Amino acid sequence: MRSLGSGGTALPGLVVERLHDGAAGALAGQLSATALITGTNGKTTSAAMLARILRADDRAVIHNRSGSNLMRGVTASLVEAASLLGTLPRRTTAVFEADEAALSAIAAAAPPSVAVFTNLMRDQLDRYGEIETIARRWTEALGGFPGDATLALNIDDPLIASLESQWSGSSVRYGIEDPDVPPAPEGEIMDAVWDPETQDEFRYTRRYFAQLGRWHTDAGARRPVPQVAADQIDNAEQGVSFTLRFPAGERTLSLPAEGLYSVYNALAAAAAATALGVPPDTICSALESHQAAFGRQEDLLVNQRRVRVLLGKNPSGLNQALRTLQAPGERHHLLILLNDGVADGVDVSWIWDVDWESQAPHCRSVVVGGDRAADMALRLEYAGFPAPRAEVTRDTGEALSRALSGVPEHEQLVILPTYTAMLEVRQRFGRMGASRLWDVA
Amino acid sequence: MSANWRLNVAVLYPELLNLYGDRGNARALERRCQARGIDAEITPVVIGDHWSPDDTDIILVGGGQDREQRRVQSDLHRRGAALRDYIEDDGVVLAVCGGFQLFGQHYRGWDGEIMEGIAIFDAVAAHPGPSIQRCVGNVVAIWEGETVVGFENHGGRTYLNEGQQAFASVVSGFGNNGGDGLEGARRRNAFGTYLHGAVLPKNPRLADRLIALALQRRYGSDAPALSPLDDRAALRAHAEALRAAFSPAESAIGRRFA
């Protein structure tokens, strides 16, 4: 049994960043390779998958921990890994999640050998600004990359595919090739309606979710062919299995995680690992044994109840998470925690862009909590949910125990928290003696 | 009395101007009409559509990123005269954020580029530059003696010309420009505001006002009175937004209107 640690991961970095501005750069110079992973959704899981692959390839790996993806989180990881004399183990590869707005600074301190771009979607507009602002920052960041860096690009997202033309070095394109992926529901929120450069509208022969899919424009631009691709995707409750195609051949694998976005996370990790020279067999066996990061499809056992925590921080990410809860006939006990801290997004209007309507028939009972519990409850009323069993503002512990007490033993509670609520949940569970399901099974 | 009451609600450019949960506004009108036995027909209007405001009772237009606003500009101008006639004929409008700016005289980007509006409101907006802080945060304003709550996030500052009425006065937040204490604009039955959230679900009195004005215009003295609804959830969300606007965290980062 493993108990869950406390939340804060950025403190050592903050201290060292203040003490010595060049600390990160000096340590980064000793790395044999660096992978940066950026994008709106999928950073944490893709980075964790890549770190696992690299360890399976017998490399020493430094990896910034869950969500600590600003500059100081990166510095903290480097400092923690270093000896007292300030040296890193030989043949060390760093895997850094890079906050999409902090990419330039992180790349300057830790120049990437490979940089993964997962997707670019609407997220916390009060913090990041408009999508165009992020796209512009990425273009600037590319200018500071070493010329021999390789980009790993999710070409199903037209905004990511367009980075290839802005980069003179090499790249590995990844995407989904399966023609039978179910299309996105009508009216689902979508951001990139047209190409920011040419103003051409993106059209789709098949759209998977948000602006991801098989896209083209009337002017003749189209989704390029991926070099690392997923095909024959079979989504089941125990996990998703698919064929993973590499330039050197294909393998079949099963992930202990659900949903199309899990496939994208695996593709991102596989593309980056391929760029770093890891053989396909190592990649696939490491992916198959991947365990979820907290809040990313992690299953826990708490007071004899199974608990699944699905982080929901923006419309596209949450719509995808909800889709994993909507098998025919499936109904869940839900706890939805909506905070409005800076890390959550102070603006909670995004909950109106989440397709709660399609979740309503799959809801057995619901408790709402967090700073903006009442906003959430109003949104659910509009979506046709059953009346909440409880509405608990602020006190996450109270919301948790109200939610748990309404779930019969051995049944499952699904928790959908925003980021800071997820940290609170983790802390509470640590105290309550929660354990990972696979450790007790 | 099973008179078939009906209101036609048009949502302008919902694919492009939908930045801040604005789809919640159409849902609020639809739901509050249905609860009173009024059919609310929601019609999305996209670029190039053959649509005129002739048989429309309420027009909603939301916010978008700058590039989306530029995208709709020429289509909106094509409809400018018809929209102005509609408003002179007391047609009801709720224009939020970018939509509010597009319904003004013009918007000057930080690069100096002018985007002409359709001049429903006698107001001009200007972006002071990329290094100047955006107006971001919870807002509380007073409209007809009551609080309206929402969230604002805009780089551009709006200034009302003399004689142009504001929609509300700011208690907490920036409002039009963070200086004159005014929020939004109102001309006849057209309301412009920077408040999103979405604004109508948690400000049910404002939603009902739009519905009542539209019913009055369509049915005159035969218009049905709006029966009270169970608004407990909406009013709790309203109270929570008030609390968020006045929380210590909010004032610590200097968002309070001084």
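In strand S10 of chain A (residues 239–246), the bridge partner of A:Ala230 is A:Leu244. Strands here, like helices, are DSSP runs numbered from the N terminus, with at least two residues (E) for a strand and at least four (H or I) for a helix. The model is predicted, so to speak of local features requires pLDDT of at least 70, while side-chain atom pairs count only at pLDDT 80 or more and totals for chains, interfaces and linings use all residues. Residues are numbered from 1 along each chain as its sequence is written, chains are lettered from A and ligands numbered from 1 in the order in which they are written, and side-chain values use heavy atoms, with hydrogens and water left out.

A:Ala230 belongs to S9(A) and also stands opposite A:Ile176. Strand S9 (residues 228–236) runs parallel to strand S6 (residues 171–176) of chain A, and 3 bridges join the two; pairing requires at least two bridges found by DSSP. With S10(A), by contrast, S9(A) runs antiparallel, joined by 6 bridges, and these two strands form a hairpin with 2 residues between them.

A:Arg203 has A:His216 in S8(A) as its bridge partner. Between the strands of this hairpin lie 2 residues, and A:Ala210 takes a positive phi near 45°.

Turning to the two chains together, 33 residues of chain A are in contact (heavy atoms within 4.5 Å) with 38 residues of chain B. The chains bury about 3300 Å² between them, 47% of it on carbon and sulfur atoms; buried area is the accessible area (1.4 Å probe) lost by two parts on being put together, summed over both. A:Trp194, A:Trp352 and A:Tyr382 supply 22% of the area that chain A buries against chain B, more than any other three residues.

Across this interface there are 6 salt bridges, each a side-chain nitrogen of Lys or Arg within 4 Å of a carboxyl oxygen of Asp or Glu. One of them links B:Lys202 with A:Asp375, whose closest N and O atoms are 2.8 Å apart. On the side of chain A that touches chain B, the elements giving two or more residues are helix H6 (125–128), helix H7 (131–143), helix H12 (373–383) and strand S16 (390–393). H12(A) gives the most, with 7 residues.
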